[in-house]
Every structure is written in structure tokens, then in C-alpha cells.
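Keep the structure open beside you as you read.

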Amino acid sequence: MDFAFSGDQQLLKNAARAFLDERCTSAVVRGLWDDPRGESEAMWKDMAQLGWLGLSLPEAYGGSGLGMVETAILLDEMGRAAYPGPYLPTVLAAHAVDSAGTTEQKNRWLPAIATGGARATTAFVDADLAWDPQSTATRAEKVGAGWRLSGAKQFVAWAHVADVLLVPARTPDGVTLFLVEPAAAGLTMKPVTAIDMGTRWAALTLDGVTVGADAILGAPGNGERLVWELLRRAAVAAAAEMLGAARRCLDMSVGYAKVREQFGQPIGSFQAIRHKCAEMLLSVENSHAAVYYAAWALDAKAEDAALAASVAKSYVSEAARHVCGEAIQVHGGIGFTWEYDLHLYMKRAKALEPMYGDADWHREQILRLVPA
Amino acid sequence: MDLRYSPDDLAFRDATRRWFEANVPTTELKTLGERREWHRTLFDGGFVGMGWPREYGGQDARALRQAIVADEMARVNAPPTINGLGIGIVGPTIIHHGTEAQKQRYLKKILAADELWCQLYSEPNAGSDLASLRTRAEDKGDHFEVNGQKIWTSYGAISDWGLLLARTDTSVAKHRGISCFLINIHQPGVDVRPLKQVTGNQEFCEVFMTGARVEKSDLVGRLGQGWEIAQTTLSYERGGNSLARVTRYTSAFHELVKATRALRRAGRPLIDDPLVRAKLGRIYAELEVQRYAALRVLSALDKGEGPGAASSITKLSYSEFEKRYFELALEILGPYGQVTAGLPEQLSTRVSASSGHGETWAYAYLWSRAGTIYSGSSEIQKNVIGERVLGLPKETRADRVK
């Protein structure tokens with residue numbers, strides 16, 4: 001029994017930290033916030049070179065065959081850097097193709113994703129923002145050999161750069177996942193501007209989008225099981241990124257409390273500040289335990305994997321928001337300025353908080369999963 | 001990272017589980033004699049002082065093996081060993097700092113619970129600021145004479161011996177003038193009075209020492225080394241039992257869910273109320289996070305990495321959680337949660353607080369207030385975390401020599 005990272009996992013973490021420290025500085029992040037596309041093609045190619053994009057894909061498709069723990073390590077570091085780009089939605093969609101796709105679908109998308117040639121995303125929620133797949137309102141009707149999709153999807157991350165979108169829709173066989181390409185007729189995207197400019201969302205309208213029979217991921221009617229599986233991975237992935245953002249805010253707060261002087265002494269010597277920092281550390285360390293336990297449980301196919309994913313997302317959603325907010329309080333006025341970097345990380349954590357199920361939604365899942 | 005137990009550890013866990021299922025007492029242990037007998041059964045089973053070195057009657061057992069035993073005990077709600085402080089704190093202190101004669105004289109009797117021990121540290125005016133303690137031990141040539149008052153002495157009423165901190169030098173800085181002793185409780189100069197707590201129970205005592213005698217040979221370590229020794233004994237109290245504690249919380253959670261199925265409000269079972277569900281879900285998530293964190297600490301301990309100051313994070317985390325947990329439980333149960341006797345059968349529960357004591361929600365709720373005070377209050381833990389884990393500057397203190 002060993003909770004610590006293995007040697008290889010630690011090397012991956014160190015490499016990720018070094019790469020992002022150099023290539024994804026806050027100046028770069030701010031530049032991309034102002035960029036219409038919002039992400040860097042060069043950084044994406046370099047991440048492919050480093051093996052990050054195929055990290056958890058099979059070697060046969062150009063991947064490294066690693067697991068959720070390694071993916072979480074990268075996302076943790078990306079949260080720390082407030083990395084702007086479609087890494088999370090791309091690896092999530094790639095996992096779906098790997099897990100349920102036909103050989104043709106895998107050949108078409110997985111090597112392209114692993115080499116940085118394609119990006120992907122998932123369009124889980126309809127207008128009512130319900131994450132459980134039973135609530136899917138978008139419909140797919142059989143038309144000839146293919147299907148026609150109608151509906152609206154909300155808060156689709158990085159849709160404007162995606163080469164393929166995973167769209168759950170209701171068919172007579174039940175909820176089914178469709179691979180939809182952005183050029184499809186009848187598909188329109190409207191960008192949504194929100195507080196974290198390093199996370200780009202879009203609202204999708206599917207107005208009779210026609211796709212072939214080969215657009216179905218796997219088999220018709222298997223969408224509910226697949227969406228649940230994806231949501232668990234997404235929950236852990238988002239929690240990992242929130243953890244990184246929270247730890248960055250903690251580190252900045254502790255650093256600041258050591259040097260900022262008021263009343264003739266560093267503010268970190270006051271219990272009002274020191275105790276706040278201690279509480280922030282407690283939340284961050286508990287979040288670390290939650291994220292990596294859940295990631296390990298998914299990799300190990302542990303009995304409590306689904307439960308652990310919901311525990312991680314519900315706990316870290318609130319913990320990260322709390323830590324990032326307290327960081328602003330520790331900094332005082334400077335922490336409230338646009339110029340100071342704190343808000344980059346605080347906004348990243350906030351953006352992920354409602355995604356893939358918020359804390360309350362996951363608490364309900366927990367209660368359904370608790371062994372009675 | 002791999003959180004599975006090894007085949008050897010799994011086999012040990014299964015054997016341990018079988019042993020406890022076969023041997024756990026089926027009726028409540030009421031008398032001291034019954035509790036001592038259970039302790040000896042545990043001792044003969046090889047479950048007492050497992051972490052102690054072999055040469056002193058232990059097994060040099062890894063942290064994981066100790067945690068497995070504690071966890072299996074919690075699972076069947078087994079009564080604890082009777083000499084917890086002797087085995088957890090006094091024994092290790094004597095092993096680390098004691099003389100050969102002290103080891104020979106005391107250790108075996110601690111393991112077998114032939115002699116029960118308490119810790120004589122806190123005083124009415126020395127709580128968080130323990131180093132300001134005033135109990136004096138004066139060198140009388142052939143012995144030390146002790147005068148002073150101790151408080152919050154767990155198990156004082158059943159103890160035979162005490163691990164004592166007393167001031168031996170008033171002319172030096174307060175941390176340096178304290179020494180550590182072993183004192184016999186059964187003597188005319190020692191008066192032990194039970195202290196009734198908010199729970200209504202009397203786990204704690206006040207101990208008055210008036211001209212009490214300590215043999216010269218019962219000084220532990222050097223004169224003036226008491227504070228340093230106390231720092232190491234305090235750290236034995238943190239981190240090791242966290243898995244078993246979570247198992248107790250989990251058992252209580254299942255009792256809570258059972259109660260919300262039995263209780264009805266507005267024509268439906270309480271468990272169908274979305275507000276109640278949100279609270280239950282929050283508790284269970286936090287409880288699981290405590291478990292994951294416990295596994296993380298345990299994995300470090302098992303590799304021989306001492307948790308050091310980071311054990312303050314564990315203590316702060318579980319004790320603050322425990323308060324939130326039982327507050328939410330009592331919110332859900334309403335006035336039923338406060339009932340101390342005669343609770344309807346379907347609501348009654350074998351809830352034990354982290355201490356392993358008590359059988360009611362009311363007791364667990366009241367006891368949870370103790371956790372953030374004993375063994376260093378939450379405020380002290382946050383100071384330790386701030387200074388020694390995060391490296392924040394120390395505060396200016398009026399009693400600190402500049």
C-alpha cells in the first residue's frame with residue numbers, strides 16, 4: 001500500500017511543472033485571454049511531443065497506455081498554471097472513443113489526437129443543465145441510413161477549436177453518443193464569454209444536423225452507461241485541475257504573508273493570517289488525497305471508484321473555491337486587482353466548480369452509491 | 001501509487017478479522033476486572049503493543065499492521081485496551097528516554113495491564129501554554145517531593161502510576177526548567193478526584209499532589225529535559241489511529257441512514273427529503289476524504305517516514321470534521337438526537353465517538369467538543385502548521401526571550 005507517486009509519476013509531475021513554468025507563464029496566459037482563439041497551437045504541438053495528448057491512450061494508437069493518476073498529475077499542474085486550452089475535453093472525448101468506438105473510429109481519431117492533429121470535446125448538457133444522461137433532451141431521428149439530430153447543448157468547452165464533438169442524443173433505442181464534426185450543416189455555435197477567459201464555452205444549436213450511421217459511437221442505446229463513465233473521469237479530471245489552482249493560490253498567499261509587513265511585522269506572524277493559511281493547507285491536502293484516491297480507484301477499477309469520483313468532485317469543488325477566495329482575503333487589496341495573477345487561478349477553479357456535476361449533484365450520487 | 005494491500009497484509013487482515021469475530025465480548029464490559037480480562041485476551045492474541053520493539057515485548061510491527069488491527073477492532077466495535085496511555089505514550093517514552101532499570105521495572109507490567117497509567121501534564125493554569133506549568137518537584141536528597149495540581153487526567157481514577165511533568169528549576173526559561181517523572185498514584189500525598197464533564201461522564205480527573213514522593217530512580221531522562229520529552233510523547237498521540245476512527249464514523253453513518261429511513265416527516269420518510277439527502281451526502285463525502293487522508297498518512301508511516309509537524313493537519317482535520325459531523329447528525333435527527341435514554345429501538349444506535357466511548361448520538365455530539373481541545377487545541381495545531389509546515393514567521397510573544 002503506497003499513496004506516494006511512483007518514481008515515474010514524480011518525473012512526469014516535475015516535467016510538467018518545468019514545461020508549464022517556462023511555456024505557460026501568467027504573461028502567456030494573459031495573452032491567450034485576449035486572443036480570439038484562446039489557446040496556443042505551438043503549445044499544443046509541444047504537449048503532443050511530450051506525450052501528454054496520448055498519455056492514457058493505447059500504444060497501438062500512438063499513446064503511452066498510462067492511466068487516470070498520470071492524467072490527474074498533468075491536470076493538477078495545468079490548474080496550477082491556469083493553462084488555457086482544450087486538454088481536459090480532448091482527453092475525455094478520446095477516452096470515450098477508445099473505450100466504445102469502432103476500429104474505424106479509433107483509427108480516424110486517436111492517432112490524430114495523440115499527435116496533436118485533432119482536438120475534441122463533449123457536449124453533455126441540454127438547456128436544463130442536468131448532468132445525468134437520462135435527462136438528455138436532444139433527439140436523434142433515423143433518416144435513411146443515417147440520423148438527424150435536433151436540440152441545444154450548453155456550456156460546451158472549447159467547441160470552437162474542436163475537430164469532433166461528442167453529442168449525447170435520445171434515439172428510440174435510448175441515449176446514444178454521436179460523433180459530430182463542426183462543419184456539419186445545421187450546427188451553429190455561439191461563444192459564451194465568462195469570467196475565466198482561459199476556459200472557452202459555446203452554446204450549440206443542432207437544427208436537423210444530419211450524420212451517417214458511422215457517427216454512432218459504439219452501438220445505439222449504450223450512451224447512458226458511457227456518459228456515466230465519462231462523467232466519473234471528468235469529475236476527477238476537473239477536481240485535479242481545481243486542486244492545482246487551489247494549491248497555487250495557497251502558495252502565493254503563504255509567500256505574500258512572509259514578506260508583506262503591516263504594524264511593523266510580516267502579516268504571516270499574526271494568527272488571523274497564519275490560521276487562515278493553515279486552514280487553506282488542510283483543504284488543499286485533503287483535496288490531494290481525494291483527487292488521487294479517486295484517480296487510482298478508476299485505474300484499479302476499485303469497487304468504490306464511482307463513489308470516490310463523486311466524493312472528489314463534491315469535496316474539491318467547495319474546497320478550491322474556499323481556498324482561492326481566502327487567498328484574495330490574505331492578500332488584501334492587491335489580490336483584488338486585475339494586474340495581480342491570483343484571479344487567473346481563482347477563476348479557473350470557479351469555472352470547473354459547476355461542470356460535470358456540482359457539489360450538490362455529486363452528493364446525491366454519493367447517497368445512491370453508499371453501500372447500505 | 002498503489003493502494004491495494006499486499007497478499008501478506010490481506011491474509012493478516014483476514015486472520016485478524018476471524019480472531020475478533022470469534023473473541024469479541026458479546027456483553028458490555030462493566031467492571032475493571034472484566035476490562036482487564038479483555039485486555040489480557042488481546043495481549044495473548046498478540047494485539048497489544050505491536051509497535052513496540054521485540055526486546056521489550058512488542059513485535060516491531062509495521063504501521064499498516066497496527067492500523068489493520070485497530071480497524072478490525074473498530075469494525076466489530078470491540079472494547080479498547082485498558083491501558084491505552086501506558087501502551088501508546090508511557091511505554092514508548094520509557095523505551096526512548098528511560099534507564100535500563102526503568103525498562104525492566106515498568107514495561108512488562110504496562111503491556112499486561114498489571115499496572116495502569118495516566119498522564120499528569122495539564123494544569124488549571126497551564127492548558128495550551130503547557131510549559132507554564134507550576135507543579136514543583138523539589139530535590140530532597142534521597143527523593144523528590146511534589147506539590148501541585150493537575151487536571152484533565154484521563155483514567156486517573158483507575159491508574160496506578162502517572163507520567164508527570166513538574167518544574168525543577170525556576171531560575172531558567174520556562175521550557176528548560178521542567179523534568180519528567182514516574183509517580184506512584186497510590187500514596188497518601190496523591191488525591192485523585194473525578195471530574196464530571198459536559199457528557200455527564202467522568203473519564204477525566206483532577207489530581208492533587210501534596211508532599212508526594214517520587215523516587216530518584218524515577219526521573220526520566222535528565223533534569224530539565226522534561227519539555228523535550230513531552231514534545232515527543234505528544235507526537236505519539238497523533239495520526240496512528242485515523243483509519244479506525246473513520247471506520248467508527250462510517251458505522252455511525254449507516255446507523256444515521258437507518259434512522260432517516262425510520263423517521264417520517266410531512267408524510268414521507270426523512271431520507272426522501274432533499275435537504276436531508278444533501279446533508280447526508282456532505283457528511284459521507286467528508287468522511288471518505290478523512291479515510292483517503294488517513295491512508296495517505298498511513299502509507300508514509302508504514303515506510304518509516306515520521307509524519308512530523310504534518311500530523312497536526314491530521315488532528316485538526318478529523319477533530320474539526322467530527323464536530324461538523326455530529327452537528328449535522330443532530331440537525332437531521334432533531335430532538336431525538338439529544339435523547340440520552342429510552343430512544344425508540346429503530347433510532348437507537350451503537351454510535352461511538354472517536355474515543356470509542358458512548359452509545360448515543362447525544363454522547364457523540366457532546367464528546368466531539370473535546371477533540372478540538374485535547375492534545376493541543378485547533379488553534380495550537382494551526383500555529384504549528386503555520387510555523388513548522390508553511391514556514392510562516394513566529395508571532396511576537398510576551399513570554400519569549402528576545
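A cavity here is a set of points, on a 1 Å grid over the protein atoms alone, where a 1.4 Å probe fits but cannot get out, and its lining residues have an atom within 4 Å of a point. Grid points are joined across faces, edges and corners, and a volume is the space filled by probe spheres set on the points. Before we start, please keep in mind that this is a predicted model, in which local features need pLDDT of at least 70 and side-chain atom pairs count only at pLDDT 80 or more, while totals for chains, interfaces and linings use all residues. Residues are numbered from 1 along each chain as its sequence is written, chains are lettered from A and ligands numbered from 1 in the order in which they are written, and side-chain values use heavy atoms, with hydrogens and water left out.

How many cavities of 30 Å³ or more are there in the whole structure? The search finds six. The largest cavity has a volume of about 240 Å³. Its lining is made of 26 residues, and those nearest the centre are A:Pro89, A:Ala157, A:Thr199, A:Leu352 and A:Tyr356. At least two lining residues come from each of α4 (68-81), α5 (87-100), β1 (120-122), β3 (146-157) and α10 (342-352) of chain A; helices (H or I, at least four residues) and strands (E, at least two) are DSSP runs, numbered from the N terminus. By class, this lining holds 18 nonpolar, six polar and two charged residues. For these classes, Ala, Val, Leu, Ile, Met, Phe, Trp, Tyr, Cys and Pro count as nonpolar, Asp, Glu, Lys and Arg as charged, and the others, Gly among them, as polar.

The second largest cavity holds about 80 Å³ of space. Among its lining residues are A:Met68, A:Leu88, A:His95 and A:Arg233. Two or more residues of this lining come from each of α4, α5 and α7 (223-259) of chain A, and α5(A) has the largest share, with four.

Now let's turn to the interface. Here 45 residues of chain B are in contact (heavy atoms within 4.5 Å) with 46 residues of chain A. The two chains bury about 4200 Å² between them, with 66% of that from carbon and sulfur atoms; buried area is the accessible area (1.4 Å probe) that two parts lose on being put together, summed over both. B:Met1, B:Tyr292 and B:Arg296 supply 20% of the area that chain B buries against chain A, more than any other three residues.

Eight salt bridges link the chains, each a side-chain nitrogen of Lys or Arg within 4 Å of a carboxyl oxygen of Asp or Glu. One of them joins A:Asp2 and B:Lys303, at 2.9 Å from N to O.

Which element gives the most to the side of chain B that touches chain A? That is α8(B), with 18 residues. This side of chain B divides into 21 nonpolar, nine polar and 15 charged residues.

Finally, look at the second largest pocket, with a volume of about 1200 Å³. A pocket is an open set with protein on both sides within 12 Å along at least five of seven lines. Of its 36 lining residues, A:Asp304, B:Arg13, B:Asp71, B:Arg75 and B:Arg291 lie nearest the centre. The largest share of this lining, eight residues, comes from α7(B).
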